[in-house]
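Here is a short tour of a structure with two chains side by side on the page. Keep the sequence at hand as you read.

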Amino acid sequence: GENVEQHPSTLSVQEGDSAVIKCTYSDSASNYFPWYKQELGKRPQLIIDIRSNVGEKKDQRIAVTLNKTAKHFSLHITETQPEDSAVYFCAASPPYNFNKFYFGSGTKLNVKP
Amino acid sequence: DAEITQSPRHKITETGRQVTLACHQTWNHNNMFWYRQDLGHGLRLIHYSYGVQDTNKGEVSDGYSVSRSNTEDLPLTLESAASSQTSVYFCASSETEWTDTQYFGPGTRLTVL
């Protein structure tokens, strides 16, 4: 089955700097890659997703890039703000598993003011 | 507004008791999922369902069961609660069995003493 690894497990940046979180996946058939943000005590919420037919997607300060050859995808947050502090999860979903998600172990991002 | 809810939000029980956690969604989504979240393990899939009368085991299904008698609800039952089942439980739903976003409920914090 699919296996997703996420790095780093913790990331501390200064406000205004960029943050990058990387995930690798094992199954080349995976074709959907969502990213979730989870604030302390809250539910995971989708912030951006990408499908395998595109290489990059942006939404304001957030972008996701996908490298299918290397089987990795990354979350980029520019101009970080204290409210970006949260745990971020990546996931991969192979089409043959009918919408089952395989999650990474999470990255705790701390944005220092 | 359509939403996904979980109840109770917090539960304390004793070892050996049966516990049922409720999940209810009003989006008319076909797919529903149960995850547990523990430090260092991210989100792990317990059980999932693609429609009424359909249930499937996830990667950590031992000691848990689900039933799907209607589209809106997927209750999770711990047959005989164990301390190892102390965790935060999230329910999620998605519209189709193909590549589709999962939306999470607010979570239930369960403590087994």
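Buried means under 20% relative accessible area, exposed means over 50%, and partly exposed lies in between, with a 1.4 Å probe and protein chains only. At 53% relative accessibility, B:Asn28 therefore counts as exposed.

This is a predicted model, in which local features need pLDDT of at least 70 and side-chain atom pairs count only at pLDDT 80 or more, while totals for chains, interfaces and linings use all residues. Residues are numbered from 1 along each chain as its sequence is written, chains are lettered from A and ligands numbered from 1 in the order in which they are written, and side-chain values use heavy atoms, with hydrogens and water left out.

**Backbone points**

B:Asn28 lies in the loop between strand S3 (19-25) and S4 of chain B. Strands (E, at least two residues) and helices (H or I, at least four) are DSSP runs, numbered from the N terminus. B:Asn28 is not a glycine, yet its phi is positive, about 65°. B:Gln53 also has a positive phi, near 75°, and is a residue other than glycine. Its loop runs between S5 and strand S6 (54-57) of chain B. B:Gln53 is exposed, with a relative accessible area of 66%.

In chain A, the bond from A:His7 to A:Pro8 is cis, with omega near -5°. A:Pro8 sits in the loop between strand S1 (4-7) and strand S2 (10-14). In chain B, a cis bond joins B:Ser7 and B:Pro8, with omega about -10°. B:Pro8 is in the loop between strand S1 (4-7) and strand S2 (10-13).

**Two buried residues**

A:Ser30 is in the loop between strands S3 (19-25) and S4 (32-38) of chain A. Its relative accessible area is 3%, so A:Ser30 is buried. Its side chain makes a polar contact with the side chain of A:Glu2, at 2.5 Å. A polar contact is a pair of N or O atoms within 3.5 Å; within protein, one must be able to donate a hydrogen and the other to accept it, and residues adjacent in sequence count only if both atoms are side-chain atoms.

B:Tyr35 belongs to strand S4 of chain B. B:Tyr35 is buried, at 0% relative accessibility. Its side chain makes a polar contact with that of B:Gln102, at 2.7 Å. Beyond four places in sequence, its contacts (heavy atoms within 4.5 Å) include A:Phe101 and A:Phe103 of chain A.

**Where the chains meet**

In total, 20 residues of chain A are in contact with 23 residues of chain B. In chain A, A:Arg43, A:Phe98 and A:Asn99 lose the most area to chain B, together 33% of what that side buries. Buried area is the accessible area (1.4 Å probe) that two parts lose on being put together, summed over both. Between the chains it is about 1800 Å², of which carbon and sulfur atoms give 54%.

The lining residues fall into three classes.
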